[in-house]
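User: I would like to go through a protein model with you. Could you help me read it step by step?
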Amino acid sequence: MDREARTMYRTKFHNLEQMDIRALTWCMQCGNCINDQRSEVGADGTCTVYDFTPGFEPYYSRGKNMVIRALLEGRLEPSQELADAVYMCTVCNLCNHMCHNTWDEIEDGGTASFPIHRVMDHAAVYEALRADLVELGFEHRPGHKVLLASVKQNDNPWGQPRRAKADWTRIYEPKGKNLAKKKEKIDVLYYTGCTAALDRTMTDVVISTAQCLDKAGVNWGFLGANEVECGSILMRVGEREEFKRVARHNVKEFNDLYEQYGCRTIITSCAGCFKTIFQDYPEWYEEIGEVVKPEVMHTFDFLLRLVKDGKLTLDHKVNARVTYHDSCHNGRHCGYFETPRELLNEIPGIQLIEMPRNGKNARCCGAGGGVKSGYGDLATRISLDRVKEAELTGAEFLVNNCPFCEQNFRDGIIGIKSELKNFDSVQLVAVSCGAKPIEALKSLGT
Ligand code: SF4
Ligand code: SF4
């Protein structure tokens with residue numbers, strides 16, 4: 001990012017000024033970010049909140065960009081109403097994928113209208129706007145305040161004591177080491193994340209991961225009661241000082257494991273944890289003070305590596321029609337579209353059927369960016385829509401790689417009384433490698 005781009009404006013919006021926002025001035029008002037007319041995403045809109053919000057421009061990318069420009073040029077004063085509207089966005093970045101000004105001409109096959117590479121990341125700009133609004137004293141949504149208070153008190157957003165992070169070990173006793181009891185030599189740290197470890201209906205994601213690691217003979221460990229949340233929710237809702245505090249703690253912990261205990265890889269179950277540790281920590285390294293030294297992988301990538309290296313054998317058949325939901329954080333934000341599908345295709349018997357909106361064009365589950373806690377009804381309505389899309393594929397299972405998506409899909413499945421079973425792809429892997437009996441799938445999912 002060049003110096004000129006960072007200093008176009010001198011305002012109270014210093015987080016926005018750190019972004020490369022030249023594309024704001026090049027917006028051609030085409031509306032592709034709202035309701036793209038190309039066939040890629042279907043006729044029902046680009047923007048995740050398009051069908052579910054009151055229809056004013058500031059809910060969509062084009063309007064938000066106009067608002068940001070007006071704020072920076074002093075033509076508009078910020079307000080609580082504006083802050084409330086800005087939180088009605090899942091930061092899914094589908095608008096970014098559709099915008100002429102952010103296309104990458106090489107990545108997108110030379111179709112960009114402007115000879116410009118990724119000059120603006122819409123979601124990152126909206127997060128910066130949220131950070132400025134927080135610093136200017138505007139209020140969070142009530143649901144955000146509850147999560148933020150819990151992060152301060154418990155190091156997790158779900159209002160649970162720290163010790164609960166290891167409760168899953170009462171159901172399955174792992175070979176992996178509980179590093180909260182004693183730090184020991186490990187090759188891999190499994191960072192369980194808050195949602196999978198603390199939502200009791202979802203701990204099988206953690207258990208299945210542990211079973212796969214044990215089956216493959218990996219020397220691994222987990223932080224248990226000492227695991228501090230990754231900071232994703234803090235970054236998404238604009239609490240940057242808190243984010244930096246949490247990130248500094250985690251990076252120090254990860255690097256201590258690297259330096260003193262041989263840990264070379266960190267794996268995560270959650271797309272939010274993955275994006276935060278893999279992408280946000282490096283972007284904020286100057287303020288965090290150090291980079292994460294172990295490599296950071298999502299579980300599906302690590303499991304695929306184990307399969308390819310011959311350490312994990314997927315030889316138990318799972319005869320099922322499956323559709324895969326790309327979480328925004330793993331997909332559009334971090335670019336992982338192929339490896340989850342590759343892993344699913346390694347499972348004998350699986351028939352993978354794509355939803356019309358998949359890969360880069362995938363619709364968000366509706367929970368991201370603080371929408372689940374800030375506007376629960378909106379998150380559920382978006383989830384209903386995505387579940388219907390999954391159902392129309394004729395699949396029996398809707399699988400994903402993010403406990404947060406899974407949590408939101410449950411509301412959608414219950415809402416439309418869908419027969420779909422919804423769970424994490426690691427649970428299929430655990431069955432296929434023989435760590436779990438096939439009967440376990442009957443009790444999984446919504
Ligand atoms: S990030 Fe997603 S929800 Fe937000 S404006 Fe863009 S498309 Fe809409
Ligand atoms: S897609 Fe990009 S150029 Fe088109 S209206 Fe949206 S922000 Fe403007």
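User: By class, how many nonpolar, polar and charged residues does the shell around ligand 1 have?

Analyst: Please note that this is a predicted model. The shell around ligand 1 has 5 nonpolar, 4 polar and 1 charged residues.

User: Which residues surround ligand 1?

Analyst: Ligand 1 is surrounded by C47, T48, S61, K64, C89, T90, V91, C92, N93 and C95.

User: And ligand 2, what is it surrounded by?

Analyst: The residues around ligand 2 are C27, M28, Q29, C30, G31, N32, C33, R62, N65, C99, N101 and H122. Divided by class, this shell has 5 nonpolar, 6 polar and 1 charged.

User: Which helices each supply at least two residues of that shell around ligand 2?

Analyst: These are α3, covering 32-35, and α4, covering 61-72.

User: Let us change topic. Into which domains is the protein divided?

Analyst: Domain 1 spans 3-135, domain 2 spans 142-306 and domain 3 spans 310-443.

User: How much area is buried between domain 1 and domain 2?

Analyst: The buried area is about 670 Å², and carbon and sulfur atoms give 47% of it. On the side of domain 1, the residues that lose the most area to domain 2 are Y87, E127 and V134, which together account for 57% of what that side buries.

User: What does the rule find across that interface of domain 1 and domain 2, in salt bridges and in polar contact?

Analyst: There is 1 salt bridge across the interface of domain 1 and domain 2. There are also 4 residue pairs in polar contact.

User: Which side chain does E127 meet in a salt bridge?

Analyst: The side chain of E127 meets that of R236, at 3.1 Å from N to O. Side chains of opposite charge can pair when their charged atoms come close.

User: How many salt bridges does a search of the whole structure find?

Analyst: The search finds 31 salt bridges. One of the pairs in a salt bridge is K244 with E241, whose closest N and O atoms are 3.0 Å apart.

User: Where do K244 and E241 lie?

Analyst: Both residues lie in helix α12, residues 240-261. K244 and E241 are 3 residues apart, about one turn of the helix.

How values were computed: Residues numbered from 1 in each chain as written. Chains lettered and ligands numbered in written order. Predicted model: local features only at pLDDT ≥ 70, side-chain atom pairs only at ≥ 80, totals over all residues. Heavy atoms only, no water. Near = heavy atom within 4 Å. Helix = DSSP H or I, 4+ residues; strand = E, 2+ residues; numbered from the N terminus. Nonpolar A, V, L, I, M, F, W, Y, C, P; charged D, E, K, R; others polar. Domains from an automatic or database assignment. Buried area = accessible area lost by both parts, 1.4 Å probe. Salt bridge = Lys/Arg side-chain N within 4 Å of Asp/Glu carboxyl O. Polar contact = N/O pair within 3.5 Å; in protein donor to acceptor, adjacent residues only side chain to side chain.
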